[in-house]
Amino acid sequence: MKTSLLGSHQIMAFVVTRDRARAQAFYRDTLGIRFVSEDPYALVFDANGIMLRISEVPKWTPPSHTVLGWEVPDIVATVKKLEKAGVKFERYSFMQQDKRGIQTFPGGARVAWFQDPDGNVLSVTQF
């Protein structure tokens, strides 16, 4: 049996922003992630036991793929709550999304995508 190098350790996540204050407000106030601290390098959040560090950079182009996602027990209820908080869900012409922007994949996973203020693609998924 092979010994795990990193598989038994807590993962942490990183996101990039061009505007620290705007990112802090979005992740803390809109998404409800607990803000922990700020240092010269990043904003630090506790995302249900996972450290999320948001670093500010002057120039940056967001990737077109999902950078963070959350598994949720009820995607419709979560999407409705996020919409009430001002989140707009992405519509992709190449997908068969329902009226809320939720895509159902073979196997049953349901996913909806949205962006943070910097254009980072985020998602919620119900398996």
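Analyst: One definition before we start: two strands count as paired if DSSP finds at least two bridges between them. With that in hand, β2 and β3 pair in the antiparallel sense, over 4 bridges. Keep in mind that this is a predicted model.

User: Which residue is the bridge partner of Glu38 in β3?

Analyst: Leu43 is the bridge partner of Glu38 there.

User: And what's the strand order in the open sheet?

Analyst: The order is β1-β4-β3-β2, an open sheet of 4 strands with mixed pairing. β1 and β2 (34-38) are the edge strands, as each pairs on one side only. From one strand to the next, the twist averages 25°.

User: Where does the mixed pairing come from? Do β1 and β4 run parallel or antiparallel?

Analyst: Parallel: 6 bridges join β1 (residues 12-17) to β4 (residues 50-56). Phe14 stands opposite Arg53 in β4. β3 (residues 43-47) and β4, on the other hand, run antiparallel and are joined by 5 bridges. In that pair, Asp46 has Met51 as its bridge partner in β4.

User: How many residues sit between the strands in the hairpin of β3 and β4?

Analyst: There are 2 residues between the strands, and Asn48 in this hairpin takes a positive phi near 55°.

User: OK, switching to the helix. Which strands does α1 lie across?

Analyst: α1 lies across β1, β2, β3 and β4, and runs at about 10° to β3.

User: Which residues of α1 are buried?

Analyst: In α1 (residues 20-30), the buried ones are Arg20, Ala23, Gln24, Phe26 and Tyr27. They sit on the same side of α1, because they cover an arc of only 165° around the axis. On the other side of α1, Ala21 and Asp29 are exposed.

User: Why would residues three or four places apart point the same way?

Analyst: An α-helix has 3.6 residues a turn, so residues three or four places apart point the same way.

User: What caps the N-terminal end of α1?

Analyst: Asp19 does, with a side-chain oxygen 3.2 Å from the backbone nitrogen of Ala21. After α1 comes Gly32, which has a positive phi near 75°.

User: Back to Arg20. Is it buried or exposed?

Analyst: Arg20 counts as buried, at 13% relative accessibility. The cut-off for buried is under 20%.

User: What does the Arg20 side chain meet in salt bridges?

Analyst: One partner is Glu38, at 3.0 Å from N to O. Glu38 is in strand β2 and Arg20 in helix α1, so this pair ties together parts that are 18 residues apart in sequence. Another partner is Glu56, at 3.5 Å from N to O. That pair links distant parts of the chain too, with Glu56 in strand β4 and Arg20 in helix α1, 36 residues apart.

User: How many salt bridges does the count come to?

Analyst: The count comes to 8. Among them is Arg34 with Asp46, where the closest N and O atoms are 3.0 Å apart. Here Arg34 in strand β2 and Asp46 in strand β3 are 12 residues apart, and the pair links distant parts of the chain. There's also a network: salt bridges that share partners join Arg18, Arg22 and Asp118.

User: Asp118 got my attention. Where is its place?

Analyst: Asp118 is in the loop between β7 (110-115) and β8 (121-126).

User: Is Asp118 buried or exposed?

Analyst: Buried, with a relative accessible area of 2%.

User: Which polar contacts does its side chain make?

Analyst: The Asp118 side chain has a polar contact of 2.4 Å with the Thr17 side chain, and one of 3.1 Å with the side chain of Arg22. Leaving aside residues up to four places away in sequence, Asp118 touches Val16, Thr17, Arg18, Asp19, Arg22, Trp60 and Pro62.

User: Last one, for contrast with another loop. What about Pro40, buried or exposed?

Analyst: Pro40, in the loop between β2 and β3, counts as exposed at 71% relative accessibility. Its C-alpha is 33 Å from that of Thr78, and the two residues are 38 apart in sequence.

Conventions. Residues numbered from 1 in each chain as written. Predicted model: local features only at pLDDT ≥ 70, side-chain atom pairs only at ≥ 80, totals over all residues. Heavy atoms only, no water. Buried < 20%, exposed > 50% of the residue type's maximum accessible area, 1.4 Å probe, protein only. Arc of directions from axis to C-beta. Polar contact = N/O pair within 3.5 Å; in protein donor to acceptor, adjacent residues only side chain to side chain. Contact = heavy atoms within 4.5 Å. Axes fitted to C-alpha atoms, helices over the stretch in contact; angles between N-to-C directions. Salt bridge = Lys/Arg side-chain N within 4 Å of Asp/Glu carboxyl O.
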